[in-house]
Amino acid sequence: MDNLLTTENLSVDFETDQGIVHAVRNVSFHLNKGEILGIVGESGSGKSVTMYSIMGLLGDTAHIQCGKMLFDGTDINPCSYQSKKAYSAVMRDLCGSRMAMIFQDPMTFLNPTMKIGKQLCEPILNHTSMTKQQARQRALELMSLVGIPSPETRIDQYPFEFSGGMRQRIIIAIALANNPKLIIADEPTTALDVTIQAQVLDLIKDISKKLQSSVILITHDLGVVASLCDRINIMYGGKIVETGTDKEIFYSPNHPYTKGLLSCICNPEDDSRELKPIPGSPPDLLQPPKGCPFVDRCDEAMKICKLQMPETTVLSPTHLSACWLNELTKRQGE
Amino acid sequence: MTKYIVKRVLFGLVTLFALATITFYLMHAIPGTPFSGEMRQLSDVIRDKLIELYDLDKPYHIRYIKYLKNAVTGNFGTSLHRKGAEVMDIIGKGLPYTASLGAVSFCIAMFVGISLGAVAAFSKKPWINGTVAFIATVGVSVPSFLVALLMMLLFGVKLGWLPMIGLSGWKNFIMPGVALALGPIAMISRLVKSGLQEELRQDYVTLAKSKGTGEVTVVLRHALKNAILPVITYAGPLLATLVTGSFVVETMFTIPGIGAEFVNSVTNRDYTLIMALTIIYGAFIIIANIATDLISAAIDPRVRLK
Ligand SMILES: Nc1ncnc2c1ncn2[C@@H]1O[C@H](COP(=O)(O)OP(=O)(O)O)[C@@H](O)[C@H]1O
Ligand code: SF4
Ligand SMILES: [Mg+2]
């Protein structure tokens, strides 16, 4: 299968008043064409920051280090560019056309004082040679595509006249404007009612199939990705701790953190699948632990876990996990 | 929308009436009469004549009703202080000076304030931020008469570049205009700076960037409009204040405007002039507030609902 996106050794630090926040540490992953990749982890584990650095959306306080970042043949590694200007020019071309992002909170991601139509037309006018009239026609099509009733009247309204679910559909429509090859959906349903969540997820799935786009679906809810994703990355404390196909993650999870996540969704009747099954809190990213980030909350933690970062074990060509227990099993087997 | 404007205007008229009433009674509560000044050595005959003419011996409410009747027809009476001068003539002569100076200083304040604020919001150079912060601090903490005095000393007396008296040419506007604008510049630049920085941190700016919209366009198309709202709320009343003049600046630069008249009229117990000036001042403020709300509503659709 062809690679659409490759990221190697990505680290992101933020300068803050309290010190340097190590939000993402040495993250590597790839996305195949036509695939839906889930990224799962508690809030604060660095999921959004990883995606923002791919889209070039982080502010000046962010320091990005990256070995390789390649999207569909284009080098999008900010470290490869001499000037910020050259990098911005490349990203301006890609963002909103070949790659697009669906954001988390429909209440804050739309401009409150701009008509929906204008916000929808913006990416179209940015990347095509359409006239305003044609762009408006396309915007109406997009609104129907994402299931907004009577788009003709809705197009001239403002965001505050829309419900949360309808706003999220607008945000999805904006992302789809130019048939992107890559759709990054950052917790697209977190802010929505449970009933609407399923609709929105179905929408993303259907449309990505129709457009033959690849999707990165970020969520803090393992239950959400179960039915949707081909492969899943589990993130914790700014690192990817386990990656595998959906079957590998659900039927033979390896990392204690993944197991902890799964133990909280085993009851399908329970709608409140909040990700707080594991006691304790995530590591302080101002001073991340030298060893395994999960050590403070792990039932099976050993001495070495605190001292040294666990090495990545290859369990199958698609299944990787970073936990010292694998090393232990291997040695015992020898 | 029309209904809303009519409602606001009617409410404005009620406010104006309340203002006039309170001023009328308060004014008479101040100790002293129009004839108590040292300069007013009038003969008893003239004095009795004036008292009769203005009903100064009648109860307040009778005088007030009579005053209102006249005022509604546009007759604000003659000055009690300056013989034979119609109040409307006095104001008609002074207002153009005051209003033109006010308009000039308003434009200076808006232009310089918004530019400084925008520069400070985007600049990463510490010295630029420092300079803007310095101007803002000076603007709020140094009184306008001191600034005016220093400017007169430097540009008027020492260098002789700028005239110091009256408003006869464009050069005359510079010093009093700047003196009046400095405080507002400080305020506006801070509003713009914090507003822009605040808006640029908002999520909708991130979404706009994710569409491939360039940084400058994001600011102009998205952030600026939202950042400018607090400036408009401040600018309306500011304009009203500026076009009604300042006693200090008008006195210092010998400008025959109504700002100086206002203070003098109170000192002289010039009842008719006090009333007319108060009503004009009140009307300006009310109109400015209505205009501010209309402009805000035009910019921010959420305001329209309230
Ligand atoms: N602009 C920023 N400045 C400082 N810290 C940040 C910034 N953005 C994110 N972080 C920190 O980085 C960490 C990861 O954040 P994020 O990627 O948003 O988590 P999530 O997995 O919930 O999406 C968090 O601890 C967050 O506080
Ligand atoms: S490396 Fe150690 S602390 Fe980390 S998950 Fe594995 S056993 Fe637990
Ligand atoms: Mg997030």
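This is a predicted model: local features need pLDDT of at least 70, side-chain atom pairs count only at pLDDT 80 or more; totals for chains, interfaces and linings use all residues.
The model counts local features at pLDDT of at least 70 and side-chain atom pairs at pLDDT 80 or more, while totals for chains, interfaces and linings use all residues. Residues are numbered from 1 along each chain as written, chains are lettered from A and ligands numbered from 1 in written order, and side-chain values use heavy atoms, without hydrogens and water.

Me: What makes B:Lys124 and A:Asp60 a salt bridge?
Reply: The rule asks for a side-chain nitrogen of Lys or Arg within 4 Å of a carboxyl oxygen of Asp or Glu. The closest N and O atoms of B:Lys124 and A:Asp60 are 3.6 Å apart, so the pair qualifies. Chains A and B have four salt bridges between them.

Me: How much area is buried between chain A and chain B?
Reply: About 2200 Å², with 59% from carbon and sulfur atoms; buried area is the accessible area (1.4 Å probe) that two parts lose on being put together, summed over both. On the chain A side, A:Thr113, A:Glu122 and A:Phe160 lose the most, together 26% of what that side buries.

Me: Why does A:Gly44 count as a polar contact of ligand 1?
Reply: A polar contact is a pair of N or O atoms within 3.5 Å; within protein, one must be able to donate a hydrogen and the other to accept it, and residues adjacent in sequence count only through side-chain atoms on both sides. A polar backbone atom of A:Gly44 sits 2.7 Å from a ligand 1 oxygen, so it passes. A:Ser45, at 3.2 Å through its backbone, passes too.

Me: How do the residues of the shell around ligand 2 divide?
Reply: Ten are nonpolar, one is polar and one is charged. A:Glu300 is among the residues around ligand 2, and Glu counts as charged.

How values were computed: A residue is near a molecule or strand if one of its heavy atoms lies within 4 Å of it.
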